[in-house]
Amino acid sequence: VTLAAEAKKLAASTPGLRCTILDEKQLKAKKMGGILAVGQGSATPARLIVLQYTPTGVAKNTKTIGLVGKAVTFDSGGISIKPGQGMHDMKFDKSGGIAVLGAMTAIAQLKPKCKVYGLIPSAENMPGTGSYRPGDIVTTFSGKTVEVQNTDAEGRMLLCDAIAYAEKCGCSTIVDIATLTGACVVALGQKRAGVMSNDDKLVEQLKTASAMTGERVWHLPCDDEFVEAMKSKIADLKNIGGKWGGACTAAAFLSQFVNKAKWAHVDMAGVGVWGANESDAPGSIGYGVRLLTSFIVNNSK
């Protein structure tokens, strides 16, 4: 709720940027079961923040790009609760959403010649009497069902609704960004984000933006073998895979909520949450704002 209010305030002070907030009632009406499930254990209700930039004097058929950012305002892990050590850093689990918020503000000021949606699904993942549980089956916005095996795999539950919604809004290209998996940090360390995609050209465009901004990315796979690992016996998908390739199985899960759009997923867990050592500065380093902004500006040329 606080993040939604800040987004509205920021949009009001940024010419060319519109902000709409979908509250619990609207999320229920749109059947966004993923976002609602994650937020239902918290006293603070979930929101979907929708930012929209439309340039002046462009044709109706101008391409529309979607940026989607995970914003778990605090991640306790829910019923599958995290260990206490390091949990104070879980306020940074909104870093993907904040990157989209910052990028959308910059985009509106730079005025590229393409339409851009910034979608920020926001929720607090808490254990409570209303929490979603391991074993629950959740129906998402796309209509696909997800067997919840671990409530701490919550980011993908938010993102799957927002990605499907971005495509419904007319986005032909979608880039999502999230502090999604510890597995990505194990694979790549704290200086690079993982990029997984259904389109190699889109990966190259993100690499070009990365080279310009110094926010480094590394291409990882998310193909059929990883999709297979996310199939459930009692639902369309499950929300965790096996022991191996956790960043890749998470991306493979998200890929199943894209229909025709070109899509890429940026797992910024290493650089978003753990990238700033306390010896340097406590807090987020703002990874992703320049990367996404440069990507949009490059695409509008």
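Which residue forms a salt bridge with Asp136? In this predicted model, where local features need pLDDT of at least 70, side-chain atom pairs count only at pLDDT 80 or more, and totals for chains, interfaces and linings use all residues, the partner is Arg133, with the closest N and O atoms 3.3 Å apart. Residues are numbered from 1 along each chain as its sequence is written, and side-chain values use heavy atoms, with hydrogens and water left out.

A salt bridge is defined as a side-chain nitrogen of Lys or Arg within 4 Å of a carboxyl oxygen of Asp or Glu. Burial is expressed by relative accessible area: under 20% is buried, over 50% is exposed, and values in between are partly exposed (1.4 Å probe, protein chains only). Asp136 has a relative accessible area of 16% and is therefore buried, whereas Arg133, at 45%, is partly exposed. The search of the whole structure finds 9 salt bridges. One of them joins the side chains of Lys70 and Asp93 at 3.0 Å, N to O. Lys70 lies in the loop between strand 3 (64–69) and strand 4 (71–75), and Asp93 in the loop between strand 4 and helix 4 (95–110); the two residues are 23 residues apart and link distant parts of the chain. Helices (H or I, at least four residues) and strands (E, at least two) are DSSP runs, numbered from the N terminus. Glu228 is exposed, with a relative accessible area of 51%, while Lys231, at 43%, counts as partly exposed.

Glu167, located in helix 5 (residues 155–168), presents another arrangement. This residue is buried yet has no salt bridge, and the nearest side chain of opposite charge, that of Lys260, is 7.8 Å away. For this assignment, Lys and Arg count as positive and Asp and Glu as negative, while His and the chain ends are not counted. The side chain of Glu167 does, however, reach the backbone nitrogen of Asn259 at 2.7 Å, and a polar atom of the Glu167 side chain lies 2.6 Å from the backbone nitrogen of Lys260.

The interior was examined next. A nonpolar core is a set of buried Ala, Val, Leu, Ile, Met, Phe, Trp, Tyr and Cys residues joined through side-chain atoms within 4.5 Å. The largest such core has 53 residues, of which Leu48 and Phe253 touch the most other members. Helix 5 gives the largest share of this core, 9 residues. A second, separate core of 41 residues includes Ile21, Ala71, Val195 and Val266. In helix 9, the buried residues include Gly246, Cys248, Phe253 and Ser255. Because 10 of the 10 residues of helix 9 are buried, this helix is largely enclosed by the rest of the structure.

Finally, an open sheet of 3 strands has the order 6-7-11, with mixed pairing. Its edge strands, strand 6 (137–139) and strand 11 (237–238), each pair on one side only. Two strands pair if DSSP finds at least two bridges between them. Strand 6 and strand 7 (residues 145–147) run antiparallel and are joined by 3 bridges; within strand 7, Val146 is the bridge partner of Val138.

Definitions and conventions:
Polar contact = N/O pair within 3.5 Å; in protein donor to acceptor, adjacent residues only side chain to side chain.
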